[in-house]
Amino acid sequence: MLEAEVEDAENLAMAHWPIPVDLFVSKKHPSLPRGLLAFADSSGNILFRLNSPSHHPKKTLRLLDSAGDPLISIYRHHDGSWQGFKGDDGQKDLLFQVQRVSNKFARTELEVFLVAENHQGELTCDFKVKGCHFQRSCTIYKGDSIVAQTSLMHKLRQIYVSRRKFQLTMFPSFVDPALIVAVVVIFLVNGPKKSKILDKLPVST
């Protein structure tokens with residue numbers, strides 16, 4: 001099973017796929033300790049998971065692959081901005097920066113700046129993230145194109161929808177899926193305080 005998970009992750013990490021790919025996000029994956037955020041495929045195989053180092057759980061996050069190897073280290077700053085660094089080598093190889101544009105109860109907006117695309121002159125926004133943290137809903141844009149979306153898993157005739165598990169859909173592109181997952185993680189963690197208080201409540205349809 002582990003070999004299959006690693007192979008799936010390697011295939012996904014090729015950063016280009018001809019059809020949309022769905023990942024299912026939850027903190028209750030049976031093969032992980034309760035509370036660890038996992039991104040799994042439709043067969044339940046974990047492709048990405050999140051880890052918070054015990055020495056600084058509120059400011060540092062590690063995005064791991066299916067084998068538990070670090071892909072991106074995510075750091076939060078006091079001004080509400082974020083930085084993502086390659087691997088687990090500390091703040092050395094900067095990949096991207098995220099700035100918070102709006103953080104209201106019904107609307108969160110982020111701007112993502114890739115270091116590789118902004119090595120000369122003034123920073124320009126490469127991706128925009130718009131959504132509602134309470135609804136677990138966001139859309140990641142690259143220009144006018146939609147790169148990825150998250151949404152709750154609604155079912156027919158279901159009155160209330162739990163926010164403990166939701167879906168991430170990544171559309172065909174050349175964007176690194178690990179980068180997409182890292183940005184989604186930042187969106188989730190970056191929600192307004194009022195929304196976090198209500199996080200355990202279901203959503204009425």
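## Barrel

Twelve strands form a closed barrel, ordered 1-2-3-4-5-6-7-8-9-10-11-13, with antiparallel pairing. Neighbouring strands of this sheet are turned by 20° against each other on average, direction ignored. Strands pair when DSSP finds at least two bridges between them. Angles run from 0 to 180 degrees between N-to-C directions, with axes fitted as lines to C-alpha atoms, for helices over the stretch in contact.

The model is predicted: local features need pLDDT of at least 70, side-chain atom pairs count only at pLDDT 80 or more, and totals for chains, interfaces and linings use all residues. Residues are numbered from 1 along each chain as its sequence is written, and side-chain values use heavy atoms, leaving out hydrogens and water.

## Chain totals

The chain has three helices and 14 strands. These are DSSP runs numbered from the N terminus (helices: H or I, at least four residues; strands: E, at least two). Of its 205 residues, 45% count as buried. Buried is under 20% relative accessible area, exposed over 50%, partly exposed in between (1.4 Å probe, protein chains only).

Residues 24 or more positions apart account for 41% of them.

Strand 3 (residues 46-51) and strand 4 (residues 60-65) run antiparallel, joined by four bridges. Phe-48 stands opposite Asp-65 in strand 4. Five antiparallel bridges then link strand 4 to strand 5. Here Thr-60 has Tyr-75 of strand 5 as its bridge partner. The hairpin of these two strands has four residues between them, and its Gly-68 takes a positive phi near 90°.

Strand 5 pairs with strand 6 over five bridges, again antiparallel. Ile-74 has Gly-84 of strand 6 as its bridge partner. Five residues lie between the strands of this hairpin, where Gly-80 takes a positive phi near 90°.

Helix 2 lies across strands including strand 1 (21-26), strand 7 (94-103) and strand 13. Its angle to strand 5 (70-76) is about 30°.

The largest nonpolar core has 40 residues. Such a core is a set of buried Ala, Val, Leu, Ile, Met, Phe, Trp, Tyr and Cys residues joined through side-chain atoms within 4.5 Å. Leu-23, Phe-39, Phe-96, Ile-140 and Leu-168 have the most contacts inside this core. Helix 2 (residues 177-189) gives the most to the core, with eleven residues.

## Gln-167

Gln-167 is in strand 13 (residues 165-170). Setting aside residues up to four places away in sequence, Gln-167 touches Asp-22, Leu-23, Phe-24, Gln-149, Thr-150, Ser-151 and Met-153.

Note on methods
Contact means heavy atoms within 4.5 Å.
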